Amino acid sequence: MRYDVTVIGSGPGGYVAAIRCSQLGLKTAIIERYQTLGGTCLNVGCIPSKALLDSSEHYYNAAHHFEDHGIATGKLKLDLKKMVARKASVVEQNVKGIDYLMKKNKIDVHHGHGSIASKNEVTVTADNGDKTTIETDKIIIATGSKPTTPPAFNYDKKRVISSTEALNIDVLPKKMIIIGGGVIGLEMGSVFGRLGTEIEVVEYMDRILPTMDKDCAKELQKTMKKMGIKFHTKHKVVDVQSKGKTVTVTVQKRDSEDTFELEADYCLISIGRRPYTDSLGLEDVGIKLDDRGRVEVNDHLQTSVDNIYAIGDVIKGMMLAHKAEDEGVFVAEHIAGEKPHIDYNLIPGVVYTWPEMAGVGITEEEAKERSITVKVGKFPFKALGRARASMDTDGLVKIIADETTDEVLGVHIVGARAADLIMEAVALMEFRATAEDIARICHPHPTYTEAIKEAALAATGNRPIHM
C-alpha cells in the first residue's frame, strides 16, 4: 500500500487533515489505534462532556429555576444511568458521522498502533500483534494528548480518576475533590455539582483559569460559588490515597507548611494534558521534541524531518480541537502547494460552564506584560433586557483596545452563550476592527450581543447607553 499522505491519529486534527488532503486530490490513509474514530474529542472529551453538561444544566434548571418561570415539575428524580446512556448515544452518532466522512472522501482507515519506521514508512500494529507496513510520501502526526497524572496522586482509574473515567460514573457521588481549576476541572465539577455532588476544587494558582482573563474568571468563580462549589486557591495537593470507596487528599497551603485533609468518594485529576507520542518511533527518524515533550515544528508545521508534519496537541500552543482542525487544513494545503495561514492570536478559547466563558486575543494582563497601552470597556449582563428575561444575569463582556489606534486586541466574555458570542469578536478582529467599528454596528434588540456593543461603547469613551 502506498499513499500520498498518511495521518496518524483520527481526532479533530487528524480526520480534518485527511479530509482536506483527499479534497485536494491526494491519496490518503488514516491510522487509529482504537476501534472508533474521533480521538479524545469525540470519544472521551469535548462531545461527551458537553452532552453531560447540557443534561445536568436541564436538571439544575428544573430543580432551581423552573418554578420562577411558572413551571411546576413536582418531585424531581435523577436517572444518572440514563443521562450517561444518552451521552454514549451522542458519542456513537458522532463517531458514525466520521466513519461516513472517511468513506465519502475515499480515505483508507487502518486500525492499530501507528509508528514511524522511516521517513516514508509507517508500521500499523493491530491488537492481535499483526503488523502492516504502509509506504507514504508525507506523514502527519496527529496523536493528540493524554491526561497528566503524577505518580504522587496514585491514579488508579477507580476512585482517583481523570475526566475519561468521570464521564462514565453512573451512580451520583456524594462528594468529589477536583485537583486543578482549569477548563476540564470546572466543566466536570459543573456536571456533578449541578446534580447534587459536593464539589471542592484545589488550585495551585491564586485564581481559577489562570491563563484567561482575570475579571471574567473572578466573575465565573463567584457564580460557581453560588452554586455551592468550594475553591481552595493558592493550595497544592501533596498526597492522594484511595482506600475502599473513600479517597483522602492531603492539601498544603502554597506559602506555608500547614496541611489539611479532604475526604471524598472520588478525586478527579485535571491539572492538564501531555502530548501523546508514546511508541511513535520519533527517535528512530530523528524527530526532535522540546523540553515539554512536544514535537518541534517550523512555521509550516514541518518537523525536523521535512516530509513529516505534526499538528494539534502534540505541538506547542493551546490544546484545542478547533486549533488542531485549522492546523490539519493548513498542513494539507501546504502539502498541496498552496499558501495557507493561521493567526494563532485569533483562536478563541471556551469554558462550557454556565455561564459560559470565552475569550480571544490578549488579556489585560498580557497587554501590561508587553507594555501595550490599552483602554478597556466592560458591560455587565445584568444590565441587559434579554438577560433579565432569561434570568441569565451573571457575567460581563470586556473589550481591550489599543489606546492609540482603537484596534480591538482582545475580547473576553463570561455569560450566557459566550461560546457563540465570541465569534462576533473573532470575525471583527480578523478584519482589524476598532472598538468604534463594533459600537457603530446595529445589534438586534433584545439579544445578548448588545453587551458586546455596550462594552465597545465603554471602550471608545465611556459612553455605554444602558449603564
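Student: In which loop is R159 found?

Tutor: The model is a predicted one. Strand β7 covers residues 145–147 and strand β8 covers residues 160–161. R159 is found in the loop between β7 and β8.

Student: Which side chain of opposite charge is nearest to R159, and how far away is it?

Tutor: R159 is buried, yet it has no salt bridge. A salt bridge would need a side-chain nitrogen of Arg within 4 Å of a carboxyl oxygen. The nearest side chain of opposite charge is that of D265, at 5.2 Å.

Student: Which backbone atom of D265 lies 3.2 Å from a polar atom of the side chain of R159?

Tutor: R159 touches several residues beyond four places away in sequence, among them S242, K245, D265 and Y266. For D265, the atom 3.2 Å from a polar side-chain atom of R159 is the backbone oxygen.

Student: Which residue of β15 is the bridge partner of V160?

Tutor: β8 and β15, residues 266–269, pair in the parallel sense over 2 bridges. The bridge partner of V160 in β15 is C267. R159 also touches C267.

Student: Is L209 buried or exposed?

Tutor: L209 lies in the loop between β10, residues 198–203, and α7, residues 214–226. Its phi is near 45 degrees, a positive value in a residue other than glycine. Because its relative accessibility is 3%, under the 20% cut-off, L209 counts as buried.

Student: How many of the residues of β21 are buried?

Tutor: In a regular strand the side chains alternate between the two faces of the sheet. In β21, L396, K398, I400 and D402 point one way, while V397, I399 and A401 point the other way, and all are buried. The strand is therefore largely enclosed by the rest of the structure, and the count is 7 of the 7 residues.

Student: What value does phi take at D406 in the hairpin of β21 and β22?

Tutor: D406 is placed in the loop between β21 and β22, and this hairpin has 5 residues between the strands. D406 is buried, with a relative accessible area of 11%. Its phi is positive in a residue other than glycine, near 75 degrees.

Student: How far apart are the end C-alpha atoms of α12?

Tutor: Helix α12 has 13 residues, 418–430. At 1.5 Å a residue, they should span 18 Å. The distance between the end C-alpha atoms agrees with this, at 18 Å.

Student: Against which elements do the buried residues of α12 pack?

Tutor: The buried residues of α12 include A418, L421, I422, V426 and M429. After the helix comes R432, whose phi is positive, near 60 degrees. The buried residues of α12 pack against β18, β19, β22, α13 and α14.

Student: How far apart in space are K104 and V295?

Tutor: K104 lies in helix α4, residues 80–104, and counts as exposed at 52% relative accessibility. K104 and V295 are 191 residues apart in sequence. In space, C-alpha to C-alpha, they are 31 Å apart.

Technical notes
Residues numbered from 1 in each chain as written. Predicted model: local features only at pLDDT ≥ 70, side-chain atom pairs only at ≥ 80, totals over all residues. Heavy atoms only, no water. Helix = DSSP H or I, 4+ residues; strand = E, 2+ residues; numbered from the N terminus. Expected span 1.5 Å × (residues − 1). Buried < 20%, exposed > 50% of the residue type's maximum accessible area, 1.4 Å probe, protein only. Contact = heavy atoms within 4.5 Å. Lys, Arg positive; Asp, Glu negative; His and termini not counted. Polar contact = N/O pair within 3.5 Å; in protein donor to acceptor, adjacent residues only side chain to side chain. Pairing = 2+ DSSP bridges.
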